[in-house]
Amino acid sequence: MTPSTHRASVTLPDESTAKRVVDALSEVFFEDQAAFAAFERPDGRWDVTVHFAEPPDQNLLRELIDQVVRQDVSSTLVFDTVEAKDWVKASLEDLVPVAAGRFIVHGQHDRHRIPPNKLAIEIEAALAFGTGHHGTTRGCLLLLDHVLKAYQPRRVLDLGTGTGVLAIAAAKALHDKVLASDIDPPSVRVAEENARLNGAGDLVDVIRATGFAAPRFAEDGPFDLVLANILANPLRQLAGPMARHLASSAQVILSGLLTHQAPAVIAAYRARGLVPLRHLKIEGWSSLLLRFVK
């Protein structure tokens, strides 16, 4: 049971905007001052909610959000007070376990509901994105399950790991080391914590990196399997650098792109020698499996 908290809620146009807003606010408000949650709405927009122990400076919040979004969305910002209750538990009640092939992603409150024949991955909603409930994460897990039925990659990379869910899934399924990277420092910390929570702390090595710029990629590569659940434009820009870090016949799982964006992403990777093998479409999002023909 927690004391009464002060809540600020705002609706944002897309996931990338929601992430930028959460990142900006988390730099201003420390963990003991505020807790953040971001969830996708049925219409594709995102709700960001911030819980404060003390009444927040409403003008400051509006100014910060408008600076990040660069348009007047703070007019949709709503402030209210949440009466004393376990609001964290309440906010997770609708996040039922998500099954994707052999994998099942769940929160702590659902540990008792996990079938023994599944590879369980426990992920709580946090500052980093990727609880398994988004169509892109589920698509990646389904493709990963498909790949591992016939393929045993030795060197695996999860690029833009977020909460670490894909790296953890690969590490637990392969019982082998996985390199994970993210540009966002909070995501690196969350992914490391989740790996430890899931008993994969010794297998998942998380680094902070932009694209393929870090020396670790050359040291640990070339990779036999790459998972990249980010966004369409970054994926297109990474086609060339990714191809230079792939082993012969490597397989690549890409997601984070809307279905209408898939042809442009496929074209960018086909030009670098990657041919599409499978294309999953879930809730308007595409997940791609490609093979590197060197």
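Biologist: Before we get going, what is a salt bridge here?

Modeller: A salt bridge is a side-chain nitrogen of Lys or Arg within 4 Å of a carboxyl oxygen of Asp or Glu. Lys-149 and Asp-145 make one, with their closest N and O atoms 3.7 Å apart. Keep in mind that this is a predicted model.

Biologist: Is Lys-149 buried or exposed?

Modeller: Exposed, because its relative accessibility is 63%. Asp-145 has 7%, so that one counts as buried.

Biologist: OK, and how many salt bridges does the structure hold?

Modeller: There are 9. One of them joins Arg-155 and Asp-224, at 3.3 Å from N to O. Arg-155 sits in the loop between helix 4 (135–148) and strand 8, while Asp-224 belongs to strand 11 (residues 223–229), so the pair ties together parts that are 69 residues apart in sequence.

Biologist: What about accessibility for Arg-155?

Modeller: Arg-155 counts as partly exposed because its value is 24%.

Biologist: Switching to helix 1. Which residue does Lys-19 form a salt bridge with?

Modeller: With Asp-23, where the closest N and O atoms are 3.4 Å apart. Both are in helix 1 (residues 15–28), 4 residues apart, or about one turn of the helix.

Biologist: Which residues of helix 1 are buried?

Modeller: Thr-17, Ala-18, Val-21, Val-22, Asp-23, Leu-25 and Ser-26. Their cover includes strand 1 (5–12), strand 2 (34–40), strand 3 (46–52) and helix 2 (58–69).

Biologist: And what span does helix 1 have from its first C-alpha to its last?

Modeller: It reaches 20 Å with 14 residues, close to the 20 Å expected at 1.5 Å a residue.

Biologist: Last topic, confidence. What's the mean pLDDT of the protein?

Modeller: The mean is 86, and 89% of the residues reach 70 or more.

Note on methods. Residues numbered from 1 in each chain as written. Predicted model: local features only at pLDDT ≥ 70, side-chain atom pairs only at ≥ 80, totals over all residues. Heavy atoms only, no water. pLDDT = per-residue confidence, 0-100. Helix = DSSP H or I, 4+ residues; strand = E, 2+ residues; numbered from the N terminus. Buried < 20%, exposed > 50% of the residue type's maximum accessible area, 1.4 Å probe, protein only. Expected span 1.5 Å × (residues − 1). Contact = heavy atoms within 4.5 Å.
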